[in-house]
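Here is a short tour of one model, written for someone who likes to know the cut-offs behind each number. Please keep the 3D view open as you read.

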Amino acid sequence: MTDPLKPQTISGDGVTAPLRYPAFRRIWLASLLSNLGILIQGVGAAWAMTQITSSADKVALVQTALLLPVMLIALPAGAIADMHDRRIVALVALAIEICGATALTGLEWLGLTTPDLLLGLCFVVGSGMALMGPAWQASVSEQVPADTLPAAIALNGISYNIARSFGPAIGGVVVATAGAVAAFALNALLYLPLMLALVLWKRVAAPSRLPREQLRRAIVSGVRYITNSPSIKIVLTRTVATGMIGGSLSALMPLVARDLLQGGAQTYGILLGAFGLGAVIGALGMGEMRQRLSGEAAVRACTLAMGGAMAAVALSHELVVTAAALVVAGAAWMLAVALFNIGVQLSAPRWVAGRALAAYQAAISGGMALGSWGWGRLTDAAGVETALLVSAALMLLSPLLGSWLPMPRISARGDEAEGLADPEVRLPLTGRSGPLVVEIEYRVASEKARVFHALMQDVQLFRQRNGAYGWSLARDIADPELWTERYRCPTWLDYLRQRNRATPSERALDQQATAFHIGPEPVRVRRMLERPFGSVRRKEPDRAANEVLPGHYTRGGRQ
């Protein structure tokens with residue numbers, strides 16, 4: 001059997017290195033066709049809306065309808081991607097998208113399309129995209145080795161933007177010659193190669209020795225991880241801001257073609273093609289930019305370039321000038337969102353990768369969806385040119401965020417460290433037993449107290465993002481060298497997960513804290529059951545008939 005992560009000989013290095021891996025190469029090529037179909041449908045939907053209504057608000061809402069589901073269901077989608085086989089999740093998502101595209105085709109063929117129906121079915125397609133995104137992006141790390149992950153992320157961006165370079169132009173031709181119905185039908189057909197590629201992918205995933213989390217708990221775990229990860233919070237905040245401001249360009253592009261350039265569907269396709277061409281150029285140059293500039297400097301350069309390009313689009317009434325400005329804007333946009341994407345992926349370990357990527361998708365898509373609505377309203381009130389100029393001014397000011405929230409420095413993805421042995425247990429426990437209280441006693445020299453306390457603030461963050469809550473650190477007033485770290489986990493099973501989720505860098509922090517200990521005895525750890533009789537779920541029995549967990553006792557003895 002061929003090793004799915006064993007490279008085959010393909011010339012080229014750098015950004016093309018992931019294409020050496022068969023599974024990634026097949027899925028990437030199929031996704032290129034799928035992205036082509038999505039862009040063709042986008043042209044059809046936006047242009048169909050301009051034919052149904054003259055409202056700029058409704059036209060901008062097409063993009064909102066496609067992107068809003070990503071914001072609304074991103075975290076459940078990310079949790080599902082982490083809990084289940086990501087290949088199956090992606091196939092289900094594609095089926096939803098095909099149903100939405102097919103329904104659009106049928107209604108348009110029958111002449112029954114209304115603004116509300118068009119927006120509703122775009123929302124269905126967007127829901128499939130929302131479910132697909134985390135599973136697809138998180139599975140990239142299963143298709144290529146860790147050292148080629150940034151290049152694989154860039155290639156996925158290139159895939160979308162190659163499609164963006166040609167899809168809108170093709171979409172413009174299709175809509176101009178055969179109408180929006182042909183664009184919708186072609187999109188439905190172009191989903192099929194990706195479904196086939198996913199069916200052929202023989203995904204290999206190491207089974208977890210612990211039971212799968214429930215959906216509600218998995219969502220809570222994802223939110224907890226993100227809120228206790230400073231680097232991810234910074235990247236997501238910058239992503240939302242950039243998405244809200246930069247979303248004006250794609251949302252108002254049909255109106256730029258119609259009102260500023262006095263063009264039709266083909267003009268709109270040319271504009272989107274120029275933006276996509278720029279994005280491809282930007283993606284190809286991403287490696288060079290990451291080598292030469294820090295993350296903050298790169299993002300600052302991108303936003304400044306995009307702000308200038310947006311102003312040029314607002315003021316231009318010539319197709320050539322507008323297209324040239326859009327090439328610059330596309331390159332800057334692609335580089336910025338790729339830098340944000342890489343920042344999230346390299347900050348999250350594998351167990352929470354889907355949820356972290358879902359949060360990123362919610363940030364970029366939610367920012368663009370809300371921004372699109374706002375820019376549409378402003379356009380209705382003040383016109384396309386004014387809306388774009390306001391957006392350009394805000395984009396030029398956005399680098400000021402870097403003085404408050406600088407992009408974090410991230411060099412490599414933090415996957416889980418080697419699992420720890422289960423602690424000694426002499427009390428009969430089930431997975432639902434809890435809450436569990438953990439106390440760790442350190443004896444620290446008084447002259448090192450401040451340094452130890454500062455280190456423990458980082459320890460607090462990694463404990464909490466991996467599953468702990470109620471964390472505290474106390475110093476004995478009668479014995480100042482004695483420090484007690486205390487935290488809770490909801491259940492015994494949550495505690496086992498928390499112990500085995502630490503990354504090597506987090507495990508190193510734990511070891512640094514232990515290194516401060518100067519006592520004659522090792523660091524003392526107490527694990528106590530806060531509710532010793534009965535589980536967290538009071539209405540359920542302590543033990544399920546078929547429950548088997550590491551470190552547990554049966555009624556007759558330890559397993």
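D479 is partly exposed, with a relative accessible area of 24%; that label covers values between buried (under 20%) and exposed (over 50%), using a 1.4 Å probe and protein chains only. The side chain of D479 meets that of R443 in a salt bridge, at 2.8 Å from N to O. A salt bridge here is a side-chain nitrogen of Lys or Arg within 4 Å of a carboxyl oxygen of Asp or Glu. The two partners are 36 residues apart and link distant parts of the chain: R443 belongs to strand 1, while D479 sits in the loop between strand 2 (469-475) and strand 3. R443 is also partly exposed, at 24% relative accessibility.

Before going further, a word on the source: this is a predicted model, in which local features need pLDDT of at least 70 and side-chain atom pairs count only at pLDDT 80 or more, while totals for chains, interfaces and linings use all residues. Residues are numbered from 1 along each chain as its sequence is written, and side-chain values use heavy atoms, with hydrogens and water left out.

**Salt bridges**

The count comes to 17 salt bridges. Three of them are set out below.

| Pair | N to O distance | Sequence separation |
|---|---|---|
| R443 and D479 | 2.8 Å | 36 residues |
| R486 and E439 | 2.9 Å | 47 residues |
| R463 and E485 | 2.6 Å | 22 residues |

R486 and E439 join strand 3 (residues 482-489) to strand 1 (residues 436-443). Of these two, R486 is partly exposed at 27% relative accessible area, whereas E439 counts as buried at 16%. The R463 and E485 pair ties helix 17 (residues 449-465) to strand 3, and both of its residues are buried. There is a network to look for as well: salt bridges that share partners connect E439, E441, R486 and R526.

**Helices**

The chain comes to 19 helices and six strands; these are DSSP runs numbered from the N terminus, with helices (H or I) of at least four residues and strands (E) of at least two.

Helix 2 (residues 56-83) has 28 residues and reaches 41 Å from its first C-alpha to its last, close to the expected 40 Å. A kink of about 65° lies at I73 in helix 2, shortly before the proline P76; the bend is the angle between axes fitted to the seven residues ending at a residue and the seven starting there.

V220 lies in helix 8 (residues 215-227) and is partly exposed, with a relative accessible area of 43%. V220 and A79 are 141 residues apart in sequence, yet 9.2 Å apart from C-alpha to C-alpha.

**Cysteines and the whole chain**

With a disulfide taken as a pair of cysteine sulfur atoms within 2.5 Å, the count comes to zero. C99 is exposed at 53% relative accessible area, and C489 is buried at 0%.

Of the 559 residues of the chain, 55% count as buried.

Note on methods
Expected span 1.5 Å × (residues − 1).
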